[in-house]
Amino acid sequence: MTPRSTTLHQRIARASLPGLIALWLLAAASPGRTQDTQAPSWMIPDVATAARAEGSLTVYSSMNEQEGLPLWKMFEDATGVKVNYVRSSDSIILSRIAIENRARQRSWDVVVTTTVNRLPNDALLQFDPPEARGLIAEARDPNRRWYGVYANYNTPAYNTNLVRKSELPKSYEEFLDRKEWAGKVALDDTDDEWVSAMIVYYGEERGKKLLKDIAAILKPVMVDGHLALARSVGAGEYWLALNNYASLTVNVQLSGAPIDFWALDPVALFFGSVGVSAQAPHAKAALLGANFMLSREAEQFLAKRGRMPTRADVQVNPADVSERLKERKIIATIFAGEEQKKWQGLFKEIFKPR
(Lines give C-alpha, C1' and ligand atoms only; values in the text may rest on other atoms or scores of the structure.)
Protein backbone atom coordinates (compact mmCIF):
# COMPACT_ATOMS: atom_id res chain seq x y z
CA MET A 1 0.00 0.00 0.00
CA THR A 2 1.38 3.41 -0.93
CA PRO A 3 1.54 6.25 1.61
CA ARG A 4 -1.17 8.08 -0.37
CA SER A 5 -3.65 5.23 0.20
CA THR A 6 -2.93 4.86 3.92
CA THR A 7 -6.14 5.24 5.94
CA LEU A 8 -6.53 7.73 8.76
CA HIS A 9 -6.86 4.86 11.23
CA GLN A 10 -3.57 3.33 10.05
CA ARG A 11 -1.85 6.68 10.37
CA ILE A 12 -3.14 7.01 13.93
CA ALA A 13 -1.92 3.53 14.82
CA ARG A 14 1.58 4.35 13.55
CA ALA A 15 1.82 7.89 14.90
CA SER A 16 4.21 9.06 17.58
CA LEU A 17 2.52 10.55 20.65
CA PRO A 18 2.86 14.23 19.59
CA GLY A 19 1.74 13.31 16.09
CA LEU A 20 -1.17 11.37 17.50
CA ILE A 21 -2.62 14.50 19.05
CA ALA A 22 -2.75 16.29 15.70
CA LEU A 23 -4.29 13.25 14.02
CA TRP A 24 -6.75 12.90 16.85
CA LEU A 25 -8.03 16.44 16.33
CA LEU A 26 -8.12 15.85 12.57
CA ALA A 27 -10.26 12.78 13.13
CA ALA A 28 -12.64 14.77 15.33
CA ALA A 29 -13.04 17.45 12.68
CA SER A 30 -13.07 15.24 9.58
CA PRO A 31 -16.38 15.71 7.73
CA GLY A 32 -16.01 12.43 5.87
CA ARG A 33 -15.86 10.08 8.83
CA THR A 34 -18.80 7.87 9.72
CA GLN A 35 -20.94 9.22 12.54
CA ASP A 36 -22.55 6.93 15.08
CA THR A 37 -25.51 8.84 16.39
CA GLN A 38 -25.66 6.53 19.41
CA ALA A 39 -22.05 7.11 20.44
CA PRO A 40 -21.34 9.30 23.50
CA SER A 41 -20.39 12.88 22.80
CA TRP A 42 -16.79 12.33 23.91
CA MET A 43 -16.18 9.32 21.67
CA ILE A 44 -13.81 9.77 18.71
CA PRO A 45 -14.25 6.54 16.74
CA ASP A 46 -10.81 6.42 15.12
CA VAL A 47 -9.04 6.99 18.44
CA ALA A 48 -11.37 4.53 20.16
CA THR A 49 -10.43 1.85 17.63
CA ALA A 50 -6.76 2.43 18.34
CA ALA A 51 -7.44 2.43 22.10
CA ARG A 52 -9.25 -0.93 21.87
CA ALA A 53 -6.19 -2.35 20.13
CA GLU A 54 -4.09 -1.29 23.13
CA GLY A 55 -6.57 -3.11 25.37
CA SER A 56 -6.22 -1.36 28.71
CA LEU A 57 -5.78 1.91 30.57
CA THR A 58 -4.12 2.56 33.96
CA VAL A 59 -5.63 5.39 35.99
CA TYR A 60 -4.05 6.90 39.13
CA SER A 61 -6.74 8.76 41.07
CA SER A 62 -7.56 10.14 44.50
CA MET A 63 -11.28 9.82 43.80
CA ASN A 64 -12.89 7.31 46.16
CA GLU A 65 -13.77 3.91 44.71
CA GLN A 66 -17.52 4.47 45.18
CA GLU A 67 -17.30 7.22 42.56
CA GLY A 68 -14.26 6.22 40.53
CA LEU A 69 -15.10 2.59 39.79
CA PRO A 70 -18.63 3.12 38.39
CA LEU A 71 -17.46 6.20 36.52
CA TRP A 72 -14.70 4.35 34.70
CA LYS A 73 -17.06 1.41 34.16
CA MET A 74 -18.98 3.79 31.88
CA PHE A 75 -15.78 4.25 29.88
CA GLU A 76 -15.13 0.50 29.78
CA ASP A 77 -18.64 -0.28 28.58
CA ALA A 78 -18.50 2.35 25.85
CA THR A 79 -15.01 1.54 24.55
CA GLY A 80 -14.21 -2.07 25.44
CA VAL A 81 -10.96 -0.84 27.04
CA LYS A 82 -10.22 -2.39 30.46
CA VAL A 83 -9.44 0.17 33.16
CA ASN A 84 -6.95 -0.56 35.94
CA TYR A 85 -8.00 1.85 38.70
CA VAL A 86 -5.30 2.66 41.27
CA ARG A 87 -6.68 4.76 44.10
CA SER A 88 -4.57 6.62 46.66
CA SER A 89 -4.36 10.00 48.40
CA ASP A 90 -3.31 13.17 46.58
CA SER A 91 0.07 13.33 48.30
CA ILE A 92 0.91 9.67 47.71
CA ILE A 93 0.03 9.93 44.01
CA LEU A 94 2.20 13.02 43.71
CA SER A 95 5.18 11.24 45.30
CA ARG A 96 4.66 8.02 43.38
CA ILE A 97 4.54 9.71 39.98
CA ALA A 98 7.58 11.84 40.78
CA ILE A 99 9.58 8.73 41.68
CA GLU A 100 8.40 6.76 38.64
CA ASN A 101 9.10 9.71 36.37
CA ARG A 102 12.69 9.99 37.58
CA ALA A 103 13.13 6.28 36.96
CA ARG A 104 11.58 6.65 33.47
CA GLN A 105 9.00 4.00 34.35
CA ARG A 106 5.97 3.73 32.07
CA SER A 107 3.51 2.81 34.81
CA TRP A 108 0.41 4.92 34.31
CA ASP A 109 -1.64 6.56 31.59
CA VAL A 110 -4.05 9.04 33.18
CA VAL A 111 -4.00 10.82 36.54
CA VAL A 112 -7.07 12.39 38.18
CA THR A 113 -6.31 14.24 41.40
CA THR A 114 -5.97 17.72 42.88
CA THR A 115 -2.18 17.73 42.60
CA VAL A 116 -1.79 17.28 38.83
CA ASN A 117 -0.62 20.89 38.46
CA ARG A 118 2.23 20.17 40.88
CA LEU A 119 3.72 17.36 38.80
CA PRO A 120 6.94 18.01 36.87
CA ASN A 121 6.25 19.39 33.40
CA ASP A 122 8.15 16.57 31.76
CA ALA A 123 5.84 14.02 33.42
CA LEU A 124 2.74 15.40 31.68
CA LEU A 125 1.79 15.45 28.03
CA GLN A 126 0.65 18.69 26.44
CA PHE A 127 -2.66 17.89 24.75
CA ASP A 128 -5.88 19.49 23.53
CA PRO A 129 -8.93 17.31 24.32
CA PRO A 130 -11.99 18.37 22.30
CA GLU A 131 -14.24 18.23 25.39
CA ALA A 132 -12.11 20.93 27.07
CA ARG A 133 -13.99 23.46 24.97
CA GLY A 134 -16.94 23.04 27.35
CA LEU A 135 -14.97 23.95 30.49
CA ILE A 136 -14.94 27.25 32.33
CA ALA A 137 -11.81 29.25 31.51
CA GLU A 138 -10.18 28.77 34.94
CA ALA A 139 -10.28 24.99 34.49
CA ARG A 140 -8.06 25.03 31.40
CA ASP A 141 -4.32 25.07 31.99
CA PRO A 142 -2.72 27.68 29.70
CA ASN A 143 0.16 25.23 29.21
CA ARG A 144 -2.27 22.42 28.22
CA ARG A 145 -0.97 19.86 30.73
CA TRP A 146 -4.06 19.60 32.96
CA TYR A 147 -7.80 20.28 32.76
CA GLY A 148 -10.23 20.65 35.66
CA VAL A 149 -12.74 17.82 36.04
CA TYR A 150 -14.41 19.14 39.20
CA ALA A 151 -14.05 22.31 41.27
CA ASN A 152 -12.97 22.32 44.90
CA TYR A 153 -14.44 25.23 46.83
CA ASN A 154 -12.94 25.37 50.33
CA THR A 155 -15.38 26.02 53.18
CA PRO A 156 -15.82 25.02 56.83
CA ALA A 157 -18.21 22.16 57.62
CA TYR A 158 -20.07 21.02 60.71
CA ASN A 159 -22.01 18.11 62.15
CA THR A 160 -25.62 19.32 62.24
CA ASN A 161 -26.44 17.10 65.24
CA LEU A 162 -23.63 18.53 67.36
CA VAL A 163 -23.52 22.20 66.36
CA ARG A 164 -26.51 24.48 65.88
CA LYS A 165 -26.59 26.63 62.76
CA SER A 166 -27.06 29.71 64.94
CA GLU A 167 -23.68 29.01 66.58
CA LEU A 168 -21.69 29.09 63.36
CA PRO A 169 -19.12 31.88 63.05
CA LYS A 170 -19.88 34.54 60.45
CA SER A 171 -16.17 35.13 59.81
CA TYR A 172 -12.91 33.35 60.54
CA GLU A 173 -12.22 35.92 63.27
CA GLU A 174 -15.28 34.64 65.15
CA PHE A 175 -13.66 31.21 65.50
CA LEU A 176 -11.51 32.87 68.18
CA ASP A 177 -14.65 33.20 70.34
CA ARG A 178 -15.34 29.44 70.28
CA LYS A 179 -12.82 28.27 72.87
CA GLU A 180 -15.22 25.47 73.86
CA TRP A 181 -14.57 23.85 70.47
CA ALA A 182 -10.91 23.21 71.25
CA GLY A 183 -9.95 19.65 70.25
CA LYS A 184 -13.29 19.12 68.49
CA VAL A 185 -12.21 20.76 65.25
CA ALA A 186 -10.24 19.01 62.50
CA LEU A 187 -8.27 20.06 59.43
CA ASP A 188 -6.67 18.21 56.54
CA ASP A 189 -2.91 18.18 57.00
CA THR A 190 -2.20 19.49 53.46
CA ASP A 191 -4.49 22.53 53.25
CA ASP A 192 -1.90 24.99 52.00
CA GLU A 193 -4.27 26.29 49.29
CA TRP A 194 -6.64 27.47 52.00
CA VAL A 195 -3.77 29.07 53.92
CA SER A 196 -2.64 30.93 50.79
CA ALA A 197 -6.17 32.28 50.20
CA MET A 198 -6.35 33.46 53.81
CA ILE A 199 -3.08 35.38 53.44
CA VAL A 200 -4.19 36.93 50.13
CA TYR A 201 -7.52 37.97 51.64
CA TYR A 202 -6.38 39.28 55.03
CA GLY A 203 -2.87 40.40 54.13
CA GLU A 204 0.32 38.71 55.28
CA GLU A 205 0.66 40.13 58.78
CA ARG A 206 -3.00 40.00 59.75
CA GLY A 207 -3.56 36.65 58.04
CA LYS A 208 -0.64 34.92 59.76
CA LYS A 209 -1.71 36.21 63.15
CA LEU A 210 -5.31 35.10 62.64
CA LEU A 211 -4.25 31.61 61.56
CA LYS A 212 -1.83 31.25 64.48
CA ASP A 213 -4.50 32.40 66.93
CA ILE A 214 -7.00 29.92 65.49
CA ALA A 215 -4.43 27.13 65.80
CA ALA A 216 -3.64 28.09 69.41
CA ILE A 217 -7.26 28.42 70.54
CA LEU A 218 -8.97 25.58 68.64
CA LYS A 219 -6.04 23.12 68.56
CA PRO A 220 -7.33 21.48 65.35
CA VAL A 221 -6.63 17.78 64.88
CA MET A 222 -4.74 16.98 61.67
CA VAL A 223 -6.48 14.41 59.41
CA ASP A 224 -4.94 12.65 56.40
CA GLY A 225 -7.35 13.07 53.48
CA HIS A 226 -10.25 15.40 52.73
CA LEU A 227 -12.74 12.56 52.25
CA ALA A 228 -11.69 11.03 55.57
CA LEU A 229 -12.19 14.45 57.16
CA ALA A 230 -15.69 14.83 55.72
CA ARG A 231 -16.66 11.34 56.84
CA SER A 232 -15.26 11.95 60.33
CA VAL A 233 -17.31 15.13 60.74
CA GLY A 234 -20.38 13.37 59.36
CA ALA A 235 -19.88 10.54 61.86
CA GLY A 236 -19.49 12.95 64.78
CA GLU A 237 -15.86 12.10 65.50
CA TYR A 238 -15.19 15.83 65.12
CA TRP A 239 -17.75 18.58 65.49
CA LEU A 240 -16.39 20.75 62.71
CA ALA A 241 -13.89 20.92 59.89
CA LEU A 242 -12.09 24.25 59.93
CA ASN A 243 -11.79 23.89 56.17
CA ASN A 244 -12.66 21.20 53.63
CA TYR A 245 -13.89 20.77 50.07
CA ALA A 246 -17.57 21.71 49.90
CA SER A 247 -18.07 18.98 47.29
CA LEU A 248 -16.96 16.26 49.72
CA THR A 249 -19.13 17.69 52.47
CA VAL A 250 -22.08 17.47 50.07
CA ASN A 251 -20.98 13.98 48.97
CA VAL A 252 -21.15 12.71 52.58
CA GLN A 253 -24.39 14.64 53.17
CA LEU A 254 -26.02 12.92 50.19
CA SER A 255 -25.15 9.57 51.75
CA GLY A 256 -27.38 10.53 54.71
CA ALA A 257 -24.84 11.85 57.22
CA PRO A 258 -25.71 14.90 59.40
CA ILE A 259 -23.18 17.27 57.86
CA ASP A 260 -23.32 20.57 56.01
CA PHE A 261 -21.02 23.41 54.99
CA TRP A 262 -21.25 27.15 55.35
CA ALA A 263 -19.23 29.61 53.32
CA LEU A 264 -16.94 32.27 54.76
CA ASP A 265 -14.66 34.73 53.02
CA PRO A 266 -12.31 33.77 51.49
CA VAL A 267 -13.25 30.64 49.53
CA ALA A 268 -10.15 29.04 48.01
CA LEU A 269 -10.77 27.46 44.61
CA PHE A 270 -8.76 24.88 42.76
CA PHE A 271 -9.54 21.77 40.76
CA GLY A 272 -9.47 18.04 40.69
CA SER A 273 -7.80 17.72 37.32
CA VAL A 274 -6.95 15.17 34.67
CA GLY A 275 -3.55 14.81 33.06
CA VAL A 276 -1.95 12.35 30.63
CA SER A 277 1.45 10.76 31.14
CA ALA A 278 4.12 11.88 28.71
CA GLN A 279 5.27 8.23 28.76
CA ALA A 280 1.82 6.65 28.67
CA PRO A 281 2.08 2.93 27.83
CA HIS A 282 -1.43 3.13 26.34
CA ALA A 283 -1.23 6.50 24.59
CA LYS A 284 -4.45 6.31 22.57
CA ALA A 285 -6.53 5.04 25.49
CA ALA A 286 -5.03 7.78 27.68
CA LEU A 287 -6.14 10.55 25.34
CA LEU A 288 -9.61 9.07 25.00
CA GLY A 289 -9.88 8.57 28.76
CA ALA A 290 -8.93 12.17 29.47
CA ASN A 291 -11.50 13.39 26.95
CA PHE A 292 -14.13 11.20 28.63
CA MET A 293 -13.40 12.72 32.05
CA LEU A 294 -14.11 16.21 30.71
CA SER A 295 -17.37 15.23 29.04
CA ARG A 296 -20.86 16.29 30.05
CA GLU A 297 -21.73 12.65 30.78
CA ALA A 298 -18.83 12.21 33.23
CA GLU A 299 -19.45 15.52 35.00
CA GLN A 300 -23.17 14.82 35.30
CA PHE A 301 -22.31 11.51 36.96
CA LEU A 302 -20.00 13.25 39.43
CA ALA A 303 -22.46 16.08 40.09
CA LYS A 304 -25.04 13.55 41.28
CA ARG A 305 -22.56 12.66 44.01
CA GLY A 306 -21.96 16.24 45.06
CA ARG A 307 -18.91 17.13 42.94
CA MET A 308 -18.87 20.68 41.61
CA PRO A 309 -18.84 20.68 37.79
CA THR A 310 -16.41 22.70 35.69
CA ARG A 311 -18.77 22.72 32.71
CA ALA A 312 -21.42 25.41 32.33
CA ASP A 313 -23.85 22.86 30.86
CA VAL A 314 -23.88 20.68 34.01
CA GLN A 315 -26.04 21.74 36.95
CA VAL A 316 -24.64 21.84 40.47
CA ASN A 317 -26.17 19.35 42.92
CA PRO A 318 -27.82 20.37 45.22
CA ALA A 319 -28.90 23.37 43.18
CA ASP A 320 -28.61 25.82 46.09
CA VAL A 321 -24.85 25.30 46.44
CA SER A 322 -24.13 27.92 43.80
CA GLU A 323 -26.34 30.42 45.63
CA ARG A 324 -24.46 29.81 48.88
CA LEU A 325 -21.12 30.49 47.21
CA LYS A 326 -21.85 33.23 44.70
CA GLU A 327 -21.55 36.23 47.04
CA ARG A 328 -18.33 35.07 48.68
CA LYS A 329 -14.83 36.19 47.79
CA ILE A 330 -13.47 33.30 45.71
CA ILE A 331 -9.70 33.18 45.28
CA ALA A 332 -8.13 30.81 42.74
CA THR A 333 -5.16 29.00 44.31
CA ILE A 334 -3.42 27.11 41.53
CA PHE A 335 0.32 27.04 41.95
CA ALA A 336 3.34 24.78 41.73
CA GLY A 337 7.10 24.73 42.22
CA GLU A 338 8.67 27.16 44.67
CA GLU A 339 5.36 28.90 45.36
CA GLN A 340 3.89 25.57 46.42
CA LYS A 341 6.80 24.94 48.80
CA LYS A 342 6.31 28.38 50.33
CA TRP A 343 2.68 27.69 51.26
CA GLN A 344 3.43 24.17 52.44
CA GLY A 345 6.10 25.57 54.73
CA LEU A 346 3.75 28.19 56.15
CA PHE A 347 1.03 25.61 56.78
CA LYS A 348 3.47 23.40 58.69
CA GLU A 349 4.78 26.37 60.63
CA ILE A 350 1.29 27.31 61.83
CA PHE A 351 -0.54 24.01 62.21
CA LYS A 352 2.21 21.39 62.56
CA PRO A 353 4.95 23.03 64.64
CA ARG A 354 7.77 20.78 65.78
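The residues that line the largest pocket divide into twelve nonpolar, 14 polar and 13 charged; here Ala, Val, Leu, Ile, Met, Phe, Trp, Tyr, Cys and Pro count as nonpolar, Asp, Glu, Lys and Arg as charged, and the others, Gly among them, as polar. The model is predicted: local features need pLDDT of at least 70 and side-chain atom pairs count only at pLDDT 80 or more, while totals for chains, interfaces and linings use all residues. Residues are numbered from 1 along each chain as its sequence is written, and side-chain values use heavy atoms, with hydrogens and water left out.

The largest pocket holds about 820 Å³ of space. A pocket is an open set of points, on a 1 Å grid over the protein atoms alone, where a 1.4 Å probe fits, with protein on both sides within 12 Å along at least five of seven lines; lining residues have an atom within 4 Å of a point. Grid points are joined across faces, edges and corners, and the volume is the space filled by probe spheres set on them. Of the 39 lining residues, Asp90, Ser91, Thr115, Arg118 and Thr190 are the closest to the centre of the largest pocket. Two or more lining residues come from each of α5 (90-102), β4 (147-159), α6 (192-202), α8 (226-235) and α13 (337-351). Helices (H or I, at least four residues) and strands (E, at least two) are DSSP runs, numbered from the N terminus. The most is given by α13, with six residues.

The second largest pocket has about 240 Å³ of space. Its lining comprises 16 residues, with Tyr153, Met308, Pro309, Val316 and Ser322 nearest its centre. β4, β10 (308-309) and α12 (321-325) each give two or more residues to this lining, and α12 gives the most, with three. The lining of the second largest pocket divides into eleven nonpolar, three polar and two charged residues.
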